[in-house]
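Let's take a walk through this one together. Have the sequence and the model open side by side as we go.

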Amino acid sequence: MTAENIHRLEDPIDVMPLMHKAFRSVSDRTEAMAANAATFEDIADLNEAFGYWVKQLLYHAAVEDEVMTGPLKDIQPARDNETEHTELAGKAGDLVSFIAMGNAAGLEESVREAAFSLEEEQHLALEAKFHEVETALKDVLGEKKVIARTICHIHSRLIGVRILELDHFENEEAFVISLVRDEMDEAQQLGIVRWLLIDEFAEDPRWIIDWIYSELDREDQALLKDLENRFQGAVAQPA
Amino acid sequence: MTVEITTLEQPIDAMYLIHKALRGEAGRTVELAKHLETGCSLQAFKLAFTAWATAIMYHGEKEVGTAMTKSVDATRCSAAHDPVERVKWALLEKEDEEYARLLDGVLVVMTVLEEDIGATSVISRTQQHLYGQVVALRVAQEDHLETEEAMIISLLRENLSPECQLKVVGALLIDQEADDRHWVIEWISQDLTLKENELLFGMESRIEQLQPVA
């Protein structure tokens, strides 16, 4: 089931495509920021946007592993889903580290690639003066080009993360959600969904659900509100 | 913003014109990949990508292991003590590997086209994969061209005589093995301004004077 086909959430787990829709929005927006970035300040804004996206993604993946696929023992699609989360977190983490390298990250990466392919003797000689060389190269290219190269590298890497995310969501919607629907009853699904949407340990427990509301249109918001009432009601009921 | 090339101080500066055309092909291909829609035909994208890939392959093939890298007196390399100069020489020596990296990028896009899509129309997932790979290829190409412009061209300017530079540029601009030897010039021409085309055709005349084309 895709988000476009939803008319009502028969099973609580069907909220997943709505959550994925919110992720698609934030990733599309962040990629557009990268595509239009031109200055060092733009990279800082991009870093903030990407950091928020990653924060949401990591929480989402961790909760899914813990309470959604974790209990599905001896089921391969559940393990595949967890593996995809690891890959996604790895790739996102690489990009966070890359951005943290600063405005010359792109230059550093390309020059180091060239330097590492040198003969060992040459490499050692070069490595010793690496920063000196890098500074000289920055002078040759000029700051504008150095930043532009870094932005291009960030953009390309960001597209990589987004593609991995989209593939993962598609796989999850095709192979895992139906499993959850089959293997878990409504109460269990409501519990999972609650974990995914409400972070009890956070200062603001609603930081996820409120963000998802903000990314959805009115129709989808109504579906989410209905589901929220259902899991809040389930919690309120005595065991 | 594209900057107009107003002068070719030395013959090797014609590389900037070639680079401009390569950037033009990359830009068109990325735009087409970005706007591919589910169910649409891949024909326009395939044509654009083929033109770009052909240009990369020809350009790389003519740069690597031929006049450009072989013409330079390698003994001058050992005399280089300045770190930037040493990096320039090292990069010149590694042109083959740089080209191989670009070719890898071309092959990855071709693999997506053949394996993931196979058919003639697009689905959402493969559109994303295609877009991701052509952007990656453009980044790799841009790194290569930018580094070449900053490091290699200046090295060649300093170390090759104008005649030698003309030979190098001649090999890049005139395809002696093709039925239509001028296809490279015509291909570059489409991305150039009127003034740049004058520079290109002027360079072509100089090459032909040096080594008449049959």
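Which residues in α2(A) meet which residues in α7(A)? Keep in mind that we're looking at a predicted model. On the α2(A) side, the contact involves Phe40(A), Ile43(A), Leu46(A), Phe50(A), Met68(A) and Thr69(A). Facing them from α7(A) are Ile147(A), Thr150(A), Ile151(A), Ile154(A), Leu158(A), Val176(A) and Val180(A). Sort the residues of this contact by class and you get 11 nonpolar, 2 polar and no charged ones.

Now for the geometry. Two packed helices are described by the angle between their axes and the distance between the axes. For α2(A) and α7(A), the angle is about 20° and the axes lie 12 Å apart. Angles under 35 degrees count as roughly parallel, so that's what we call α2(A) and α7(A). The crossing of α2(A) past α7(A) is left-handed.

Step back to α2(A) itself, which covers residues 40–69 of chain A. Its 30 residues reach 41 Å from first C-alpha to last, close to the 44 Å expected at 1.5 Å a residue. Buried residues in α2(A) include Ile43(A), Leu46(A) and Phe50(A), along with Trp53(A), Leu57(A), His60(A) and Glu64(A); Met68(A) and Thr69(A) are buried too. What covers them? Among the covering elements of chain A are α1 (16–36), α3 (76–100), α7 (143–183) and α8 (186–197).

Over in chain B, the secondary structure is 10 helices and 0 strands. Of the 214 residues in chain B, 40% are buried. Take the chain B contacts between residues at least 6 apart in sequence, and 79% of them join residues at least 24 apart.

Conventions
Residues are numbered from 1 along each chain as its sequence is written. Chains are lettered from A and ligands numbered from 1 in the order in which they are written. This is a predicted model: local features need pLDDT of at least 70, side-chain atom pairs count only at pLDDT 80 or more; totals for chains, interfaces and linings use all residues. Helices (H or I, at least four residues) and strands (E, at least two) are DSSP runs, numbered from the N terminus. A residue is buried if 20 or more other C-beta atoms lie within 10 Å of its own, exposed if 12 or fewer, and partly exposed in between; C-beta atoms are placed from the backbone. Two residues are in contact if their C-beta atoms, placed from the backbone, lie within 7 Å. The expected span of a helix is 1.5 Å times one less than its number of residues. Axes are lines fitted to C-alpha atoms, for helices over the stretch in contact, and angles run from 0 to 180 degrees between N-to-C directions. Angles under 35 degrees count as roughly parallel, over 145 as roughly antiparallel, 65 to 115 as roughly perpendicular and the rest as oblique. A crossing is left-handed if the near helix is turned anticlockwise from the far one by less than a right angle, and right-handed if clockwise. Ala, Val, Leu, Ile, Met, Phe, Trp, Tyr, Cys and Pro count as nonpolar, Asp, Glu, Lys and Arg as charged, and the others, Gly among them, as polar.
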